[in-house]
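Dear colleague,

Please find the structure below, handed over for your review. The findings follow directly after it.

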Amino acid sequence: MAIRALKNYELSRHNSYFSAKFHAMASPCELLFDTRDQSLAEWLSEKGVAEVQRIEEKFSRYAKNNLCFAINNADGAPVEIDDECYRLLSFAQTCYELSEGMFDLTSGVLRRAWKFDCSDRLPQQHQIDDLLPLVGWEKVRFTDRHIQMQPGMEVDFGGIGKEYAVSSVSDICLHHAPNVSVLVNLGGDIQVTKPRERNLPWRVGIENHKQVIPIIQGALATSGDAKRYLLKNGKRYGHILNPKTGWPIRNAPSSVTTHAPLCVQAGCLATLALLSGKEAEQFLKNQDVKYWCTRT
Amino acid sequence: MQLKKTSIKKALFAASCSLLAGNSVAKDWDFDAALMYYGESDRVQAIEGIFKANRTLKDDREFSSKLVVDSLTGASANGAVPQTSAQTFTTPSGNGQYTAGAGETPLDDSFLDTRVQVAAQWSQPLGEKYIVSTGANFSNEYDYQSAAFNSSIGRYLNNKNTTVSLGLSYAMDSVDAVGGRPVGLSTMVVDEGQFANAEAFQAAFDATRQSGGEDGKDTVDVVLGLTQVINRRWITQFNISLSEVDGYLTDPYKVVSQVDTSGLSVNQLYENRPGTRSKQAFFAQSKYHFEKSVWDISYRLTNDDWGIQSHTIESRYHFLLSNNRYIEPHVRFYQQSEADFYTPFLREGESLPEFASADYRIGKLNTYTLGVKYGKKLENGREYGVRLEYYSQAPQSVGVEPLGQLESLDLYPSLDAVILQFDYKF
């Protein structure tokens with residue numbers, strides 16, 4: 001039953017909990033509150049939705065005149081950044097190092113050549129060759145105050161931004177309501193702030209794996225999209241690109257979901273698994289994390 | 001690629017902790033700059049610049065500092081009664097004269113000052129259950145210096161829903177009155193040609209000045225506070241404070257007129273106040289967060305051994321508008337009773353009281369303020385605001401029967417002022 005349809009979220013009462021639905025980061029989003037207190041649910045919804053919007057406005061590569069736009073349009077000049085941006089860049093740096101250069105926030109420019117529309121239209125090699133000089137995290141210089149890139153290069157926070165928002169909203173809910181279990185779900189990336197009463201699991205559907213996953217504690221994140229690929233001569237090209245070659249990772253699963261304490265951790269592990277290609281499952285086993293891997 | 005080691009997970013988990021660390025803590029400095037104009041109709045004009053710098057560090061430690069510079073010009077009432085004919089007064093320094101026209105409230109127009117105030121405060125948690133704070137405040141103006149120090153300790157109870165606190169502060173003020181401190185209730189010497197020469201006037205003027213005695217004052221304040229969170233939306237606060245002031249509490253520039261039965265002002269006596277003052281105050285505040293607004297209302301009661309009792313009711317309503325804009329109406333009512341030794345004038349021929357003052361600020365007084373603030377939060381947490389307020393001060397009759405010509409004159413002149421302030425947070 002929808003109780004309130006404010007302009008930025010829709011709150012509904014269920015048997016033992018409230019849900020707030022909204023749309024952000026190009027995805028359907030949902031917050032679940034294990035409480036019967038409507039004003040608490042509203043209060044947390046306002047704070048949570050505001051935080052998601054704040055992060056989206058600041059780091060979205062689709063927005064104009066935000067920090068991401070300033071960085072990507074600096075034309076070689078240094079751009080002033082704040083502490084939050086510095087922490088995201090530092091995290092990306094760690095992911096880059098751990099993946100030996102495969103996790104690369106600058107690889108987004110390759111999308112200019114690749115359109116994963118399920119067709120057979122592969123790009124020409126010269127198109128990829130033209131873009132490769134603009135890819136390479138090692139060419140990015142940053143300190144806690146500034147970032148500087150070569151003209152034409154772009155960073156895309158999409159690889160970590162949504163998971164970061166999930167963890168950040170969870171922190172806010174935990175801070176304001178330390179005794180209430182809240183599930184934060186931004187387009188399938190999920191974190192639970194604390195277990196529910198009597199350790200009841202939250203049940204969430206993960207579209208890519210066509211199953212409902214019960215979650216008591218921790219976070220789930222999914223990388224990969226089974227609907228984004230190209231198919232030519234019987235060969236499937238998934239949308240995860242190798243930043244070194246500019247071509248899709250071969251034999252990568254179409255989708256990987258992992259479980260970790262925090263969403264930023266789960267998201268990064270899932271992405272690193274995809275980047276491992278045919279060794280994705282082995283990578284996940286070695287990391288000793290719970291995972292769901294789909295190959296099509 | 002070398003993604004086979006489980007250490008990747010550990011490194012990743014460690015990195016994600018620093019990614020999310022301190023997300024709820026404000027980083028770097030927050031600055032707040034404000035410029036305020038205060039203008040009384042025909043009297044004091046003031047321009048005040050305020051600059052605040054705050055820094056919140058990890059673990060809720062907080063440093064705040066403030067610099068205030070204000071400049072006052074204009075005239076203020078000297079306490080004398082108006083007359084149906086012009087009056088002449090000696091300036092506080094003794095080096096000049098000023099006049100008040102027939103029917104005019106006598107104003108000392110030599111009033112001009114610049115004040116600089118610097119304050120710094122540090123607060124931090126002490127363990128899980130306590131918060132401590134300490135600070136210092138210095139201010140300097142032409143004839144007045146003040147240094148104050150404060151400390152407080154707060155104890156969280158009831159899952160941080162209740163905070164009880166105890167604060168202490170001590171202030172040392174020194175007064176360096178222009179022209180020296182007058183002898184209490186001595187008669188102002190006005191040169192109307194009766195002196196043989198300037199030296200004779202100076203000798204008479206000097207005779208009205210104190211040579212010894214205290215020239216400063218010490219203030220000790222104790223504040224007992226209780227902050228109670230009623231629920232997520234509602235927070236209340238209660239304070240009880242005691243204040244003891246000791247020293248020179250007289251205003252060296254104010255006089256009390258001594259009038260004859262026709263209401264004619266025959267002498268101007270420099271006012272004289274007791275050397276101690278004990279004050280008690282009670283304060284209660286409630287803040288309620290509605291869906292899109294915050295309502296803040298407070299009440300203050302003060303009482304002192306000078307006989308002044310005051311009531312203040314103040315309320316603000318903060319409305320959030322679209323696009324991060326807000327509007328905040330503000331109203332404040334203030335009412336005080338007069339000090340026991342307040343009198344609009346003294347009668348000639350009656351024995352002089354020990355203490356007397358005609359300063360409207362310790363007389364019976366009602367004031368109200370009506371204002372509105374408009375502000376907008378910008379990207380990056382910056383914010384600007386504009387505040388416009390109207391202030392009205394209406395001294396009240398204390399029931400002293402006006403004599404002769406005073407009947408037709410305004411012994412309790414009221415005053416209106418406008419306050420305009422711009423501020424910018426960055």
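Which residues in α1(A) are buried? They are A:A41, A:L44, A:S45, A:G48, A:V52, A:I55, A:E56 and A:F59, where a residue is buried if 20 or more other C-beta atoms, placed from the backbone, lie within 10 Å of its own. These residues lie on the same side of α1(A), because they cover an arc of only 110° around the axis, the arc being that of the directions from the helix axis to the C-beta atoms.

This is a predicted model, in which local features need pLDDT of at least 70 and side-chain atom pairs count only at pLDDT 80 or more, while totals for chains, interfaces and linings use all residues. Residues are numbered from 1 along each chain as its sequence is written, and chains are lettered from A and ligands numbered from 1 in the order in which they are written.

Among the elements covering its buried residues are β3 (18-24), β4 (27-33) and α5 (158-176) of chain A, contact requiring C-beta atoms, placed from the backbone, within 7 Å.

Chain A also holds an open antiparallel sheet of three strands, ordered β5-β7-β6; strands pair if DSSP finds at least two bridges between them. β5 (79-80) and β6 (141-142) of chain A are at the edges with a single partner strand each, so one side of each has no neighbour in the sheet.

The average pLDDT (the predictor's confidence in each residue, from 0 to 100) of chain A is 89. Over residues 1-6 of chain A, pLDDT stays under 50.

Yours sincerely

Conventions
Buried ≥ 20, exposed ≤ 12 C-beta atoms within 10 Å, placed from the backbone. Helix = DSSP H or I, 4+ residues; strand = E, 2+ residues; numbered from the N terminus. Contact = placed C-beta atoms within 7 Å.
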